[in-house]
Amino acid sequence: MAMRKTAAVAVAALTLLAAWGGAGSATAVTPATTQKAAEAAQACGVLAPGASVAAEKAVAAACEQIGVWYTWGGGHGPQPGPTYGQVDPSDPDSAHDPERLGFDCSGLVRYAYARAVGGDPLSGNAYHQFHSPQVNQRFTAAQGTGPLLPGDLLAWGSGGSIHHIAIYLGAGKMVEARESGTRITVSDVRLGGDYAGAVRIAPATAPGTFSTWGTDVWTHKEPSTTSPRVHRFPGPTTVRVECQKHAEPVTAEGYTNDAWSYLPEYGAWITNIYLKGPAWLDGVRTCP
């Protein structure tokens, strides 16, 4: 559906560059730059058959952002969409990101799937998106691009950490917001280094899906606050609960509850106090 682009798309891309460019974005609109924008737009689209309608819409939404700035932390406002970024202390190239309206890698993915299906199904950073309950199929790094379809999410990271995510187009290509100082672009898929694999999104509310609430909420290795911490939810996050059990009573936020839920995507437990719903979740089985 996004295979063909017209000169109008190129003009739209240039308009976005002017409106969203921020620091260092002054570019004269010449025939050469118009041609370059047109070529970039034509390169981005659904490049293989078999994707779901939602995945094709996500690809189209991401491709509309070709030429927009990468900006660290961009796209993580209250609603999906471009935002001004932040300075990444580890990256000197991000010095101008607070002046640039755009997306970081996960901000672009969040926006693309929100445009495709409505709501906000992939909030959070690259790690959260790679482990989202909206994932219905996973592919290892060793499988390469062979089984992938347009709209699948490719991820990079090691040791359980995910630091980058992009949207597959097909034909060995992807659209990504890569790093500070660059703009959203089409790239060749990078299967080397710390490529971690890919996931396919089924953006629908699955059984056992709940939302956390509160800020800086930790999960634990066992259903006990004294067991090692596993993962921190900085804010409300959609999670999938596999089962629940009665264990250590916890008092927090004015509530006391001894119910804990197991989150399979994180391999960790969370007290039910921080899951929206009744103290004992409806429709969730009891853990053995």
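Q: Which order do the 6 strands of the open sheet take?
A: The order is S4-S9-S5-S6-S7-S8, with antiparallel pairing. Strands are DSSP runs of E, at least two residues, and helices are runs of H or I, at least four, numbered from the N terminus. Two strands pair if DSSP finds at least two bridges between them.

Q: And which are the edge strands?
A: Strand S4 (135-139) and strand S8 (185-188); each pairs on one side only.

Q: What does the twist average from one strand to the next?
A: 35°. Axes are lines fitted to C-alpha atoms, for helices over the stretch in contact, and angles run from 0 to 180 degrees between N-to-C directions.

Q: Which helix touches S6 and strand S7 (173-176)?
A: Helix H3 (residues 53-63) packs on the sheet there, its direction at about 110° to that of S6. Helix H4 (residues 105-117) also packs on the sheet, touching S5, S6, S7 and strand S9 (195-201). The direction of H4 makes about 50° with that of S6.

Q: Before we go on, what kind of model is this?
A: A predicted one: local features need pLDDT of at least 70, side-chain atom pairs count only at pLDDT 80 or more, and totals for chains, interfaces and linings use all residues. Residues are numbered from 1 along each chain as its sequence is written, and side-chain values use heavy atoms, leaving out hydrogens and water.

Q: How many bridges join S5 to S6?
A: 4, between strand S5 (residues 153-156) and strand S6 (residues 164-170), which run antiparallel. Leu154 stands opposite Ala166 in S6.

Q: New topic. Is Glu265 buried or exposed?
A: Glu265 counts as buried because its relative accessibility is 17%. Buried means under 20% relative accessible area, exposed over 50%, partly exposed in between (1.4 Å probe, protein chains only).

Q: Where is Glu265 found, and what is Glu265 in contact with?
A: Glu265 is in the loop between strand S15 (255-263) and strand S16 (268-271). Leaving aside neighbours within four places in sequence, Glu265 contacts His131, Ser132, Arg138 and Arg240. Contact means heavy atoms within 4.5 Å.

Q: Where is Thr225 found?
A: In the loop between strand S11 (217-220) and strand S12 (229-233). At 42% relative accessibility, Thr225 counts as partly exposed.

Q: Which residues is Thr225 in contact with, leaving aside neighbours within four places in sequence?
A: His220, Glu248, Val250 and Trp260. The C-alpha atoms of Thr225 and Glu248 are separated by 7.8 Å, and these residues are 23 residues apart along the chain.
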